[in-house]
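Here is a short report on one protein model.

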Amino acid sequence: MSEQVVTDPLKFARGRQSLAGNLSVASMGRLKDGLASDAGTVAYRLTGYLNEEGEPCLRCQVSGMLQMICQRCLEPMNYALQVDAVLLLTNDVQLLQDDDPEAPDRIMAQQDLPVADLVEEEILLVLPMAPLHPVGECKASAGLSETGKLHPFAALARLKSDKE
């Protein structure tokens, strides 16, 4: 697939335009470094609109399945990716430096905005820092008690059963 670019993001938003497509995970260099496998694709939709205040916005929706590494057992795991981010477009650098956590996410309304870079950035922002299998599906969770804490002798019990 050729690289899609939003030539004028402000015009794109004001015109309520939309782009959709698929990106291979292997084409996203920063993302694939933290994955168990770079196989597969993600589907995206980028939609422009004006919010209630008349500010130009982009809605970035991404979905797909990623192969991450469980930080509990260090085995590959499937991670269902769902991104639904709203980004306000601005030309004011001061608004980008707002540290208020309640403030909406803003990006610079640069000319020739590369869609693949925007999609990759939004994926990176939603990924868990320490992905884990659900309890009960993880090989390492076999020794967890009802409270979710590791039973102190669980590893010894597994070693003993492996020798038998």
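## Strand pairing

Leu89 has Ile107 in β6 as its bridge partner. Strand β6 spans residues 106-108, and three bridges join β5 to β6 in parallel. Strands here are DSSP runs of E with at least two residues, and helices are DSSP runs of H or I with at least four, both numbered from the N terminus. Two strands pair if DSSP finds at least two bridges between them.

β5 (residues 76-90) also pairs with β4 (residues 56-69). These two run antiparallel, with 13 bridges. Gln61 has Asp84 in β5 as its bridge partner. The hairpin of β4 and β5 has six residues between the strands. Leu74 in this hairpin takes a positive phi near 65 degrees.

## Model basis

This is a predicted model: local features need pLDDT of at least 70, side-chain atom pairs count only at pLDDT 80 or more, and totals for chains, interfaces and linings use all residues. Residues are numbered from 1 along each chain as its sequence is written, and side-chain values use heavy atoms, with hydrogens and water left out.

## The loop residue Asn51

Asn51 sits in the loop between β3 (41-50) and β4. Its relative accessibility is 13%, so Asn51 counts as buried. Buried means under 20% relative accessible area, exposed over 50%, and partly exposed in between (1.4 Å probe, protein chains only).

The Asn51 side chain reaches two backbone nitrogens. That of Glu53 is at 3.0 Å. That of Glu55 lies 2.8 Å from a polar atom of the side chain. Beyond neighbours within four places in sequence, Asn51 is in contact (heavy atoms within 4.5 Å) with Cys57 and Leu88.

## The whole chain

The protein chain has five helices and seven strands. From the N terminus, its elements run β-α-β-α-β-β-β-α-β-β-α-α. Of its 164 residues, 31% count as buried. Among contacts between residues at least 6 apart in sequence, 56% join residues at least 24 apart.

The accessible surface comes to about 10300 Å² (Shrake-Rupley method, 1.4 Å probe). Carbon and sulfur atoms hold 51% of that surface.

## Cysteines

Cys138 is buried, at 5% relative accessibility. Cys60 is buried too, with a relative accessible area of 1%.

Definitions and conventions:
Polar contact = N/O pair within 3.5 Å; in protein donor to acceptor, adjacent residues only side chain to side chain.
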